[in-house]
Amino acid sequence: MEEKFKSLRKLIETKTNFAITTHINPDGDAIGSSLALYHFLKNIGKQVIVAGPNDAPENLRFLPEFEVYQPFTEYSDNLTRALKNADVVFALDFNTLSRTGEAMKAVLADVTASKVLIDHHLQPDQEFNLAFSDSTSCSTCELLFDVLDGAFSHINWLTKDIAECLYTGIVTDSGSFRFDTVKPETHRKVARLLDTGFNHTAVHEYLYDSNSLERFKLMTIMLSNLRVILDGVVSVSYITECDLQATGCRREDVEGFSNMGLSLKGVVISAFMREEDGKIRISFRSKGDHDVNLYARKYFNGGGHKNAAGGTFYGSVAEALQLFEQTVHEAVLTR
Ligand code: 5GP
Ligand code: MN
């Protein structure tokens, strides 16, 4: 690890133009880690751009200098040029280039820059020049803390803005500190973040007290579609494109729905499906050793983590539900 920290420090100290990239439908960890690294590189005098495949959710716009985040859907010409000119491209919070969507992936596959991965998903691609990959870390933000602390301990790298960004990613990816990826060290690092003096209560309010009445209406549809199978250990629900239109909701309004099925007593695996551009996107959540990463890989062209994974189904909601109901028993461990 020490050698890798040295390589990273040298790379950062000797180069000028940096690009930070993250995954499609960016979440708090994706945007939090990207902006934290942006602030760090800016603070030491570097040129930095932050690029993601598409727009970020409304409730992350409070983050310091959020406006530097550029979605490829809007700024493809500018970003293509910037990515081609970059000396170093950081890949944050994703393990395979395909997570950056078709258009941005095509540009990234072609860049001449050194590629540095900082990520906590399993099975990372091997194409990076330098890779910090740790699937035991609760979030890319926690891992980025370790990386910056390891490589730049000689300077005072942790500012209030960086702390607020890292805290956001840690909170959102750890289910507000509840998942088993949270270790005593995680809290010790968070204590150092809080020492910088940002307003953590406000962060939680921005993140979670942001429901609209439209979203509540969509939630009632999702809850009325919810079914429990396999003697109550598996739950599944869905939302159609018509439901979005009928309630006046946007795609990102389903954020958080995937966790709700798992809060039913006795449920150990839950799936939440939604129609998107003629495909079905599915989020899987599980508890304990029930592994939805392997399951999503096998049946739904996806992956992720043991307890939180996603995938895509090419067909109708009814067909996706059918495949799920026929196969999900494979992911349920029998006691
Ligand atoms: P979500 O359900 O919130 O979209 O994703 C849960 C986790 O699974 C995230 O960590 C995400 O990175 C991962 N994930 C979601 N969709 C996919 C996918 O299609 N392929 C892979 N490899 N991982 C995914
Ligand atoms: Mn993450």
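1. I118 stands opposite F132 in β6. Strand β5, residues 114–119, is joined to β6 by four bridges, and the two strands run parallel; strands here are DSSP runs of E of at least two residues, helices are runs of H or I of at least four, and both are numbered from the N terminus. This is a predicted model, in which local features need pLDDT of at least 70 and side-chain atom pairs count only at pLDDT 80 or more, whereas totals for chains, interfaces and linings use all residues. Residues are numbered from 1 along each chain as its sequence is written, while chains are lettered from A and ligands numbered from 1 in the order in which they are written.

2. The open sheet has six strands in the order β3-β2-β1-β4-β5-β6, with parallel pairing, where two strands pair if DSSP finds at least two bridges between them. Because β3 and β6 (130–133) stand at the edges with a single partner strand each, one side of each is left without a neighbour in the sheet. On average, neighbouring strands of this sheet are turned by 20 degrees against each other, direction ignored.

3. Helix α2 (residues 28–43) lies across β1 (17–22), β2 (47–52), β3 and β4 (88–92), and runs at about 170 degrees to β2. Helix α5 (residues 140–151), for its part, lies across β4, β5 and β6, at about 120 degrees to β5. Axes are lines fitted to C-alpha atoms, for helices over the stretch in contact, and angles run from 0 to 180 degrees between N-to-C directions; contact means C-beta atoms, placed from the backbone, within 7 Å.

4. Y69 is found in strand β3, residues 69–71. Y69 counts as buried because 23 other C-beta atoms lie within 10 Å, the cut-off for buried being 20 or more such atoms, with C-beta atoms placed from the backbone. Apart from neighbours within four places in sequence, Y69 is in contact with I31, S34, V50, G52 and A56.

5. Which residues are around ligand 1? They are H121, S258, S283, G302, G303, G304, H305, A308, A309, G310, G311 and T312, a residue being near if its C-beta atom, placed from the backbone, lies within 6 Å. Strand β12 gives the most to this shell, with five residues. The shell divides into two nonpolar, 10 polar and no charged residues, with Gly counted among the polar ones.

How values were computed. A residue is buried if 20 or more other C-beta atoms lie within 10 Å of its own, exposed if 12 or fewer, and partly exposed in between; C-beta atoms are placed from the backbone. Two residues are in contact if their C-beta atoms, placed from the backbone, lie within 7 Å.
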